[in-house]
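Okay, thanks for making time, everyone. Let me put the structure up, and then I'll walk you through it.

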Amino acid sequence: MAIREIVKHPAPVLQQQCKEVVKFDKKLSKLLDDMYDTMVAADGIGIAAPQIGEAVRVAIVDMGEGQDVIEMVNPIVTATGGSEIEVEGCLSFPDLFGEVERPFFVRIEAQERNGALYELEAEDYEARAILHEIDHLNGVLFDSKIIRVVDPSELEETEEAEIVGESGGGELK
């Protein structure tokens, strides 16, 4: 396992359609492990293979909080529903944050690192993270979906309010 360099925009690999994975081997397992280590080191919640220079249909999402890491190999969106606008960031755009509209619900079919098929349903922020990473596999970057750029100082204010709310110093509405 290794921490790899994160590819930054405007690298061409970020804007191309990724190839389907056909070999489920040690190389794929190492790629997934490297992606996880890289994502954690960068303090991200998701990463796609093109973000470490590999143009293959592999992405992961880790919502933390005791949940299993979602490894998606060859993911396909089979259903979406609802809509919400939330702030997103991206490891390939370190200083850019913006409001993006995405479905509230997603259902996907994907494969695990051993090739086994699975289906997954997610809502809210987990659905957003999954869709963001699948967009990467299709060469779609979140900057093309931003409705409003958010200044980092706005994020700091929100984080401070959440910390106050969590510490019992006030209630969030």
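Predicted model: local features only at pLDDT ≥ 70, side-chain atom pairs only at ≥ 80, totals over all residues.

How many salt bridges does the structure hold? Twelve. Another one I like is Arg-4 with Asp-34, whose side chains meet at 3.3 Å, N to O. Here, too, distant parts of the chain get linked: Arg-4 belongs to the segment before α1, Asp-34 is in helix α1, and they're 30 residues apart. Is Asp-34 buried or exposed? It counts as buried, because its relative accessibility is 2% and the cut-off for buried is under 20%. Arg-4, on the other hand, is partly exposed, with a relative accessible area of 25%.

Then there's Arg-148 with Glu-154, closest N and O atoms 3.1 Å apart. Arg-148 is partly exposed at 34%, and so is Glu-154, at 29%. There's also a network of salt bridges, linking Glu-88, Arg-102, Arg-128, Asp-135 and Lys-145.

Okay, on to the sheet. Five strands form an open sheet, ordered β1-β2-β3-β6-β7, with antiparallel pairing. Why does one side of β1 and of β7 have no neighbour in the sheet? Because β1 (46-48) and β7 (117-123) stand at the edges, and each has a single partner strand. From one strand to the next, the twist averages 35°.

If you zoom in on β1, it pairs with β2, residues 58-61, in the antiparallel sense over three bridges. Ile-47 has Ile-60 in β2 as its bridge partner.

Now the helices. Helix α1, residues 26-41, lies across β1, β2 and β3 (70-81), and runs at about 40° to β2. Helix α2, residues 124-137, lies across β1, β2, β3, β6 (105-111) and β7, at about 110° to β3.

Tyr-36 itself counts as partly exposed, at 31% relative accessibility.

That's my tour, so over to you for questions.

Notes: Residues numbered from 1 in each chain as written. Heavy atoms only, no water. Pairing = 2+ DSSP bridges. Helix = DSSP H or I, 4+ residues; strand = E, 2+ residues; numbered from the N terminus. Axes fitted to C-alpha atoms, helices over the stretch in contact; angles between N-to-C directions. Contact = heavy atoms within 4.5 Å. Buried < 20%, exposed > 50% of the residue type's maximum accessible area, 1.4 Å probe, protein only. Salt bridge = Lys/Arg side-chain N within 4 Å of Asp/Glu carboxyl O.
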